[in-house]
Amino acid sequence: MIRFNTLLILIFVHFFFACAGGDSIKKKPEHFLSGMKEIKKGSIWYNKGCYKRSLEHFFKAHERFAESDRLIGVAMSLNNIGNIYRIAGDISTALLFFDESFDIYTDIREYKESVKVLSNKAAALIDGGMLEEAEKVLNMAENIDWKDKKPLGSILNNQGILLIKKKKFINAEVVLKKSIAITEAENFSEFATANFVLGNLMLETKNYKQAVNFFESALEADRKTGFHKGIADDLAAIGSAYVSLGKTKYAVNFFKRSIKIYALLGETENVHETMEQLEKESKKTGMNISLTTYFVKQWLEGKMLEDPCQ
């Protein structure tokens with residue numbers, strides 16, 4: 001299970017705080033500020049794995065930006081909406097939003113942001129199995145020039161994923177380790193993604209101990225941002241690595257932690273997948289998972305004291 005490049009949560013941060021400074025004469029119009037508030041709310045829900053709630057706020061942000069003709073905000077909201085559709089598996093719709101966002105960013109000469117959109121588009125194409133198209137988009141992104149041009153971790157991460165898909169494992173490792181090396185310390189999202197993909201690469205090449213190390217680094221970074229869905233993915237991946245290492249008890253414990261998060265988020269498909277692994281491995285050790293099963297069943301039925309997506 002490979003988690004691809006996540007939502008560009010950090011885009012809104014730069015603009016939001018840029019609006020906060022300066023004297024009162026330079027304050028942004030109310031519609032722009034309200035649009036940024038919706039972006040922030042949407043990003044908070046995204047971090048919780050509540051994608052439907054997140055999407056509502058990104059659409060509201062788009063309306064606020066559109067009615068005040070703030071093109072940079074329009075492009076930002078379209079890009080974020082595209083990411084949600086990609087996560088939902090609606091690749092064709094995601095591509096429509098990415099293309100529109102890219103065109104706007106290019107028209108207003110926000111070239112660095114346009115490259116980030118291309119990275120997301122490439123991730124969607126990879127999700128859809130359109131590897132040649134994804135490679136063309138990544139090449140296009142690399143050829144776009146902007147002031148103080150620096151390699152983007154998101155581009156390198158998607159290049160790494162693409163190389164793994166093509167079974168070019170040595171090249172993928174080089175690219176992903178470069179991504180980790182250039183990623184700024186506070187950019188936990190890209191750091192987590194690079195480590196998660198490297199962990200999957202280690203699983204592919206049967207370097208299971210290294211896989212655990214990379215997944216644990218991803219887990220630490222996702223915990224710092226409170227990215228609940230990412231935390232669940234990391235825990236499940238560590239469990240899979242321990243299965244391969246023959247450390248069944250460790251695997252069961254990580255699956256138990258992962259499946260609870262999936263259940264709380266209503267991630268039914270991931271719950272079923274993880275439950276199959278959990279039941280299979282627990283039988284080998286005789287470990288009792290009945291309490292975990294009880295909570296998972298209750299939470300999937302919506303019987304929780306506090307729904308994380310409400």
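Predicted model: local features only at pLDDT ≥ 70, side-chain atom pairs only at ≥ 80, totals over all residues.
**Notebook: a disulfide, a helix pair and a glycine**

I counted one disulfide, taking a disulfide as a pair of cysteine sulfur atoms within 2.5 Å. Residues are numbered from 1 along each chain as its sequence is written, and side-chain values use heavy atoms, with hydrogens and water left out.

I found that the disulfide joins C50 to C309, with S to S at 2.0 Å. The torsion about the S-S bond of C50 and C309 is about -85°, so I noted the disulfide as left-handed. Because C50 lies in the loop between α2 (30-47) and α3 (51-67) and C309 in the segment after α15 (290-300), the pair ties together parts that are 259 residues apart in sequence; helices here are DSSP runs of H or I with at least four residues, numbered from the N terminus. Both C50 and C309 are buried (under 20% relative accessible area, 1.4 Å probe, protein chains only).

I then looked up α5 (residues 91-107) and α6 (residues 111-127), which pack at an angle of about 165° with their axes 9 Å apart, the axes being lines fitted to C-alpha atoms over the stretch in contact and the angles running from 0 to 180 degrees between N-to-C directions. That makes α5 roughly antiparallel to α6 (over 145 degrees).

Finally I checked G266, which sits in the loop between α13 (248-265) and α14 (268-285). G266 has 44% relative accessibility, so I recorded G266 as partly exposed (between 20% and 50%).

Methods: Helix = DSSP H or I, 4+ residues; strand = E, 2+ residues; numbered from the N terminus. Parallel < 35°, antiparallel > 145°, perpendicular 65-115°, else oblique.
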